[in-house]
Amino acid sequence: MKVLNEMTMNFESRSSNEAFARGAVALFVAQLDPTVSEISDIKTAVSEAVTNCVVHAYTDTVGMIRINVRILPDNTVIIKIADRGCGIEDIKKAMEPLFTTTREQERAGLGFAVMQSFCDSVSVRSTVGKGTTVTLRKRLSLRCANV
C-alpha cells in the first residue's frame, strides 16, 4: 500500500484535547480538497473515537492517545486512533448500538455506530489491559479542477 502523505501525533487523554484532535486531522485531510460533508464526517468519527479513549480507556487516569493519518493514492484516508488503556473485553458487544460500560446518563452507547455511519469501514483491535486501536477508513470523492 503506497502512502502519499502521513502524519502522527500524540496527546493526553483529556476531554479538552478532543477538539484539537478533530481539528488537526481535518486540517491534514484538507490537502485532498474534501467536500464540507466529507470533512464533517471525518471530524465526527475522530471525535467519537477520541472520546471513547478519554471516557473508557483511561477511566480514572490520564494516558496517551496516538493518532496516525495516512493518505493513499486513491483518495482514501486511513485514521488510526490508539490508546494503551484498559482494552475492550468483548469488541463485538462494544460495537452494538446502545451498549455502554458507563452508568452516566449522557452516554448513549452510540460511538461505534456513529463512526460506522460516517466511514467506509471501522475496525477495532483490542487487548484487555494493553489498549485499543480503532481504524477508520474513508475514501473521498475525486474532485476535478474547473477548466
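Trainee: Where does D33 lie?

Mentor: In this predicted model, D33 has a phi near 55 degrees, a positive value in a residue other than glycine. D33 is partly exposed, with a relative accessible area of 44%. Its place is the loop between α1 and α2.

Trainee: In what order do the elements of the protein chain run from the N terminus on?

Mentor: The protein chain holds four helices and five strands. Read from the N terminus on, the elements run β-α-α-β-β-α-α-β-β.

Trainee: What is the order of the strands in the open sheet?

Mentor: β1 and β4 stand at the edges, each with a single partner strand, so each has one side left without a neighbour in the sheet. The pairing is antiparallel, and the order of the five strands is β1-β2-β3-β5-β4.

Trainee: Which strands does helix α1 touch?

Mentor: Helix α1 covers residues 18-29 and packs on the sheet. Its direction makes about 170 degrees with that of β1. The strands in touch with α1 are β1, β2 and β3.

Trainee: At about how many degrees does helix α2 run to β3?

Mentor: Helix α2 takes in residues 36-57. The helix lies across β1, β2, β3 and β5. Against β3, the angle of α2 is about 10 degrees.

Trainee: How far apart in space are T51 and E18, C-alpha to C-alpha?

Mentor: T51 lies in helix α2, and counts as partly exposed because its relative accessibility is 23%. In sequence, T51 and E18 are 33 residues apart. In space, their C-alpha to C-alpha distance is 6.7 Å.

Trainee: How many residues of β2 are buried?

Mentor: Strand β2 has bridges to two strands: eight join β1 to β2, and seven pair β2 with β3. Both pairings are antiparallel. β2 is mostly covered, and of its eight residues the number buried is six.

Trainee: Which residue of β3 is the bridge partner of R70?

Mentor: The pairing of β2 and β3 is antiparallel. On the β3 side, the bridge partner of R70 is I78.

Trainee: Is N75 buried or exposed?

Mentor: N75 is in the loop between β2 and β3. That hairpin has four residues between its strands, and N75 takes a positive phi near 70 degrees there. The cut-off for burial is under 20% relative accessible area. The value for N75 is 10%, so this residue is buried.

Trainee: Which residue in β5 stands opposite I79?

Mentor: β3 and β5 run antiparallel and are joined by eight bridges. Opposite I79, the residue in β5 is L136.

Trainee: With which residues is T135 in contact, leaving aside its neighbours within four places in sequence?

Mentor: T135 has its place in strand β5. It counts as buried because its relative accessibility is 16%. Neighbours within four places in sequence aside, the contacts of T135 are I78, I79, K80, S121, V122 and S123.

Trainee: Which residues are the closest to the centre of the second largest pocket?

Mentor: The second largest pocket holds about 230 Å³ of space. Its lining is made up of 14 residues. The closest to the centre are A82, D83, R84, T132 and T133.

Trainee: Which elements give two or more residues to the lining of the second largest pocket?

Mentor: By class, this lining has three nonpolar, six polar and five charged residues. The elements that give two or more residues are β2 (64-71), β3 (76-83), β4 (121-127) and β5 (131-139).

Trainee: What share of contacts between residues at least 6 apart in sequence join residues at least 24 apart?

Mentor: The protein chain has 147 residues, and buried ones make up 46% of them. Among its contacts between residues at least 6 apart in sequence, the share that join residues at least 24 apart is 65%.

How values were computed. Residues are numbered from 1 along each chain as its sequence is written. This is a predicted model: local features need pLDDT of at least 70, side-chain atom pairs count only at pLDDT 80 or more; totals for chains, interfaces and linings use all residues. Side-chain values use heavy atoms; hydrogens and water are left out. On a 1 Å grid over the protein atoms alone, a cavity is a set of points where a 1.4 Å probe fits but cannot get out, and a pocket is an open set with protein on both sides within 12 Å along at least five of seven lines; lining residues have an atom within 4 Å of a point. Grid points are joined across faces, edges and corners, and a volume is the space filled by probe spheres set on the points. Ala, Val, Leu, Ile, Met, Phe, Trp, Tyr, Cys and Pro count as nonpolar, Asp, Glu, Lys and Arg as charged, and the others, Gly among them, as polar. Two strands pair if DSSP finds at least two bridges between them. Contact means heavy atoms within 4.5 Å. Axes are lines fitted to C-alpha atoms, for helices over the stretch in contact, and angles run from 0 to 180 degrees between N-to-C directions. Buried means under 20% relative accessible area, exposed over 50%, partly exposed in between (1.4 Å probe, protein chains only).
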